[in-house]
There are 2 protein chains.
Amino acid sequence: MSLEYGDTIGILGDGQLGRMLAGAAARLGFRTISFGPGEDSPAGQVCGRHFTASYDDSAALTEFASHCDVVTVEFENVPVSAAETVISTGTPFRPGANALSVAQDRVEEKRFLEDAGIACAPWRAIDSLEDLIAAHAALGPDAILKTRRDGYDGKGQVRLSTDSDLAAAWAELGAQPAILEGFVAFKLEISAVIARGADGAVAAYAPSRNVHEGGILRRAIVPAPVATDVASKAQTLAARLTERLDYVGVLALEFFVLADGKLLANEFAPRVHNSGHWTPEACMTGQFENHIRAVAGWPLGKASLLHGAEMENLIGEDAAAPVEDLLARGHLTLYGKREIRPGRKMGHLVRLRPL
Amino acid sequence: MSLEYGDTIGILGDGQLGRMLAGAAARLGFRTISFGPGEDSPAGQVCGRHFTASYDDSAALTEFASHCDVVTVEFENVPVSAAETVISTGTPFRPGANALSVAQDRVEEKRFLEDAGIACAPWRAIDSLEDLIAAHAALGPDAILKTRRDGYDGKGQVRLSTDSDLAAAWAELGAQPAILEGFVAFKLEISAVIARGADGAVAAYAPSRNVHEGGILRRAIVPAPVATDVASKAQTLAARLTERLDYVGVLALEFFVLADGKLLANEFAPRVHNSGHWTPEACMTGQFENHIRAVAGWPLGKASLLHGAEMENLIGEDAAAPVEDLLARGHLTLYGKREIRPGRKMGHLVRLRPL
C-alpha cells in the first residue's frame with residue numbers, strides 16, 4: 001500500500017505530535033484528518049478536518065476511517081479497540097495494532113523487549129500487595145511502582161525506598177495491575193528514535209541524551225555523550241525492536257546507560273517522540289516527515305545529522321516568558337495551547353550546535 | 001500591534017505560498033484562516049478555516065477579517081479594494097495596502113523603484129499604438145511589451161524584435177495600458193528576498209541566482225555567483241525599498257546583473273517568493289517563518305545561511321515522476337494540487353550543498 005500525494009492521512013490523537021505530523025504531511029502534499037476527544041486541539045487546529053469524539057465511539061471511528069487512505073497514531077494510549085475498528089473498515093493502520101497493544105502494558109512491553117534480546121532493568125509484575133512486598137524485598141529498597149497501563153510523564157507511579165509504606169503505595173496506585181521496576185544506578189538516559197519503512201528499511205537517528213525533571217523530559221542533547229559503539233548498539237536494538245514488531249513508522253526506545261556502557265531498556269513509544277523534536281532542524285529528514293513517509297509507503301529519508309542540537313521543552317510557565325526571549329533562545333515551536341497549566345508541554349526550543 | 005500565540009492570522013490568497021505560510025504559523029502556535037476563490041485549495045486544505053469567496057465580496061471579507069487578529073497576503077494581485085475592506089474593519093493589514101497598489105501596476109512599480117534610487121532597465125509607459133511605435137523605436141528592437149496589471153509567470157506579455165508587427169502585438173495584449181521594457185544584455189538574474197519587521201529591523205537572505213524557462217522560475221541557486229559587493233548591494237537596495245514602502249513582512253526584489261556587476265531592478269513581489277523556497281532548509285530562519293514573525297509583530301529570526309542550496313521547481317509533468325525519484329533528488333515539498341496542468345507549479349525540491 002502506497003499513497004499518492006493528495007491522499008488523506010488520518011491521525012488518531014489530537015495533541016502536539018499530531019500537529020507536527022500534520023505539518024510534515026502538508027509539506028508532502030497530503031491531506032490530514034485528526035480524531036480525538038479535544039475541542040480546539042493542537043492537531044485539530046491544523047488538520048483539514050477534525051473528528052471530536054471519544055476513542056470508543058466506533059461509529060465516529062468508522063466514519064473517520066472512511067475518509068482516510070491510511071490511519072496512524074500520535075498517542076500510544078489510543079485503545080487497541082479503536083485501531084481494530086479502523087482496521088475492520090479496510091483502511092490500513094500503521095504502525096500496527098500489535099505495537100500499540102504491547103506498548104500499553106508495561107509488563108507486556110518488558111517481556112517483548114527481553115524476548116527480542118533487549119535487556120531491561122530488573123522488574124516484577126505486581127498483582128497484589130503480597131506481590132509488591134515480595135518484589136520490593138527482591139529488587140528494592142529503591143524502586144518505582146507503576147501502573148501497568150495509562151501512565152505518562154511521571155503520572156501513575158510511586159517511588160519507593162527503605163522506609164516506604166508498601167500498603168499505602170499499593171493503595172495510592174489504586175490496587176491495580178502494576179509493575180515494580182528496580183532502581184538502576186545509571187549514568188545517563190538516552191533514546192534511540194528510529195523510522196522503519198513499509199519496505200523494512202530503517203533510518204536511525206543519532207541517540208540523544210535525555211534529561212528529565214519531575215518525570216517529564218526537560219532536554220534532549222545530540223550527539224549523546226556516549227562511546228560510538230554504545231550509540232550504535234542503541235540503534236541496532238531499536239532496529240531489532242521495530243523488526244520484531246513488524247513496525248511501520250517512527251518509534252523511540254529509551255535506555256539507561258550504565259557506567260560501563262551497558263544499555264538497559266526502559267520503555268518504548270510506538271510513535272514520534274518528544275526526544276526526537278530536534279530532528280527537523282538538525283537532520284536531513286525529521287522524525288515527523290519520516291513517520292509520514294513510512295505510513296504513506298514512501299521511501300524514508302536519511303536520518304543523518306547536519307548539526308548537533310539541544311532541544312528544550314517549554315513546560316507550563318516556561319511558555320509565559322516574553323516571546324522575544326523565547327525566540328532569542330533558539331528555533332521555537334509552539335503547540336497552539338492557549339492555557340498554561342503546570343506540567344503541560346506548551347512548546348519546545350531547538351538550538352543548533354557545530355557537530 | 002503584536003500577536004500572542006494562539007491568535008489568528010488571516011491569509012488573502014489560497015495558493016501554495018499561503019499553504020507554506022500556514023505551516024510556519026502553525027509551528028509558532030498561531031491559528032490561520034485563508035480566503036480565496038478556490039475550492040479545495042492548497043492553503044484552504046491546511047488552514048483552520050477557509051473562506052471560499054471572491055476578492056470583491058466585501059461581506060465575506062468583513063466576516064473573514066472579524067475572525068483575524070492580523071491579515072496578510074500570499075498573492076500580490078489581490079485587489080487593493082480587498083485590503084481596504086479589511087483595513088476598514090480595524091483588523092491590521094500587513095504588509096500594507098500601498099505595497100500592493102505599487103506592485104500591481106508595472107509603471108507605478110518602476111517609478112517607485114527609480115524614486116527610491118533603484119535603477120531599472122529602460123522602460124516606457126504605453127497607452128496607445130502610437131506610444132508603442134515611439135517607444136519601440138527608442139528602446140527596441142528587442143523589447144518586451146507587458147500589460148501594466150495582472151501578468152505573472154510570463155502571461156500577459158509579448159516579446160518584440162526587429163520584424164515585429166507592433167499593431168498585432170498591441171492587439172494581442174488587448175490594447176490595454178501597458179509597459180515596454182527594453183532588452184537588457186544581462187549576465188544573470190538574481191533576487192534579494194528580505195524580511196522587515198514591524199520594528200523596522202530587516203533580515204536579508206543571500207541573493208539567489210534565478211534561472212527562468214518560458215517565463216517561469218525553474219531554479220534558484222544560492223549563493224549566487226556574483227561578487228560580494230554585488231550581493232550586498234542587492235540586499236541594501238531591497239532594504240531601502242522595504243523602508244520606502246514602510247513594509248512589514250517578506251518581499252522579493254528581482255534584478256538583472258550586467259557583465260560589469262551593475263544591478264538593474266526588474267520587479268518586486270510584496271510577499272514571500274518562489275525564489276526564496278530554499279530558505280527553510282538552508283537558513284537559520286526561513287522566509288515563511290520570518291513573514292509570520294513580521295506580521296505578528298514578533299522579532300525576526302536570522303536569515304544567515306547554514307548551507308548552500310539549489311531549489312528546483314516541479315512544474316506540470318515534472319510532478320508525474322515516481323515519488324521515489326523525486327524524494328531521491330532532494331527535500332521535497334508538494335502543494336496538495338491533484339491535477340497536473342502544463343506550467344502549473346506543483347511543488348519544489350531543495351538540495352543542500354556545502355557552503
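A residue is called buried if 20 or more other C-beta atoms lie within 10 Å of its own, exposed if 12 or fewer, and partly exposed in between, with C-beta atoms placed from the backbone. Helices (H or I, at least four residues) and strands (E, at least two) are DSSP runs, numbered from the N terminus. This is a predicted model, in which local features need pLDDT of at least 70 and side-chain atom pairs count only at pLDDT 80 or more, while totals for chains, interfaces and linings use all residues. Residues are numbered from 1 along each chain as its sequence is written, and chains are lettered from A and ligands numbered from 1 in the order in which they are written.

**Stop 1: helix H3 of chain B**

Select residues 80-88 of chain B, which form helix H3. Within H3(B), the residues B:Ala82, B:Ala83, B:Thr85 and B:Val86 are buried. Viewed down the axis of H3(B), the buried residues fall within an arc of 155 degrees (taken from the directions from the helix axis to the C-beta atoms), so they line one face of the helix. Next, display what covers them, including strand E1 (8-12), helix H2 (58-66), strand E4 (70-73) and helix H4 (97-103) of chain B. After H3(B) comes B:Gly90, which has a positive phi, near 95 degrees.

**Stop 2: the domains of chain A**

Colour chain A by domain: domain 1 (8-93), domain 2 (122-182) and domain 3 (188-353), with bounds from an automatic or database domain assignment. Between the C-alpha centres of domain 1 and domain 3 of chain A the distance is 22 Å. In chain A, 18 residues of domain 1 are in contact with 16 residues of domain 3 (contact requires C-beta atoms, placed from the backbone, within 7 Å). On the domain 1 side, H1 and strand E4 (70-73) of chain A each supply at least two residues. H1(A) provides the largest share of that side, eight residues.

**Stop 3: where chain A meets chain B**

Now show both chains. Which elements of chain A each supply at least two residues of the side that touches chain B? The contact takes 25 residues from chain A and 25 residues from chain B. Helix H1 (16-27), helix H11 (323-328) and strand E16 (331-334) of chain A are the elements to select. H1(A) gives the most to this side, with four residues. The copies meet through the same surface, because 100% of the interface residues of chain A are also interface residues in chain B.

**Stop 4: the axis**

Terms used. Two residues are in contact if their C-beta atoms, placed from the backbone, lie within 7 Å.
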